[in-house]
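Okay, everyone, thanks for coming. Let me put the chain up on the screen, and then we'll walk through the metal site and the core.

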Amino acid sequence: MKGGALVAALLLLSGCASGPSVTPTGNTTEVTVTVDGMRFVPDVVEVPVGDELVITFENTGTEVHDLTLENGKSSARLMPDETEVIDAGIIAEDLDGWCSVSNHRAMGMELTVRAVG
Ligand SMILES: [Cu+2]
C-alpha cells in the first residue's frame with residue numbers, strides 16, 4: 001500500500017507541473033481587431049493550437065482603449081485612430097481578452113481567443 005501511495009503522489013505531482021504545453025506549428029495567425037462603441041470587432045478570434053498570434057489592434061472607437069490578454073500581453077492605451085501590433089505569443093489554450101480602461105470590460109469590451117484543434 002505504501003508504494004502505491006507514493007506512485008499516486010508522483011503522478012499527481014507530474015500532472016500539476018506540466019501545465020499547458022504545446023508544440024509550436026511555426027505558423028503565424030494574423031488578425032485585425034477594431035472597436036465599435038464598447039465592443040471589440042471581432043470579439044472571437046480562432047487560432048490553431050501552436051500558432052503564434054499577432055493582433056493588429058486599431059482603436060476605431062471614440063475613446064481611449066487598450067487590449068489586454070490573460071497571458072499578460074497587452075497594447076498600450078491607444079487614442080482614437082491609433083494602432084498597435086500585439087505579439088500574443090504561441091497560443092496553447094483559450095485566452096480571455098478585455099479593455100482595462102475604467103469600466104469598459106463591464107460595458108462589454110471583452111474578447112475571446114479560441115485555441116482550435
Ligand atoms: Cu476601452
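So, along the chain, the donors of the copper ion are spaced H-x33-C-x4-H-x4-M. Keep in mind that this is a predicted model. In residue terms, the copper ion is held by His 65 through ND1, Cys 99 through SG, His 104 through ND1 and Met 109 through SD, at 2.0 to 2.7 Å.

What about the geometry? The angles among the 4 donor atoms run from 83 to 136°, and the site comes out as irregular. Tetrahedral would need every angle between 85 and 135 degrees.

Okay, on to the core. The largest nonpolar core has 23 residues, and the ones touching the most other members are Val 33, Phe 40, Leu 53, Ile 55, Phe 57 and Val 113. Strands E1 (28-36), E3, E4, E6 (83-90) and E8 each give two or more residues to this core.

Take Phe 57: among the residues it touches are Val 33, Phe 40 and Ile 86, and also the copper ligand His 65.

Last one, Val 45, in strand E3 (residues 44-48). Val 45 is buried, at 3% relative accessible area. Its contacts include Val 31, Leu 53 and Val 113. Val 45 and Val 113 are 68 residues apart along the chain, yet their C-alpha atoms are separated by 4.8 Å.

Key:
Residues are numbered from 1 along each chain as its sequence is written. This is a predicted model: local features need pLDDT of at least 70, side-chain atom pairs count only at pLDDT 80 or more; totals for chains, interfaces and linings use all residues. Side-chain values use heavy atoms; hydrogens and water are left out. Donors are N, O and S atoms within 2.8 Å of the metal (3.2 Å for Na, K and Ca); water is not among the atoms, so sites may look incomplete. Four donors count as tetrahedral if all angles lie between 85 and 135 degrees; four count as square planar and six as octahedral if opposite donors are over 155 degrees apart and all others between 65 and 115; anything else is irregular. Helices (H or I, at least four residues) and strands (E, at least two) are DSSP runs, numbered from the N terminus. Buried means under 20% relative accessible area, exposed over 50%, partly exposed in between (1.4 Å probe, protein chains only). Contact means heavy atoms within 4.5 Å. A nonpolar core is a set of buried Ala, Val, Leu, Ile, Met, Phe, Trp, Tyr and Cys residues joined through side-chain atoms within 4.5 Å. Lists of a residue's contacts leave out its neighbours within four places in sequence.
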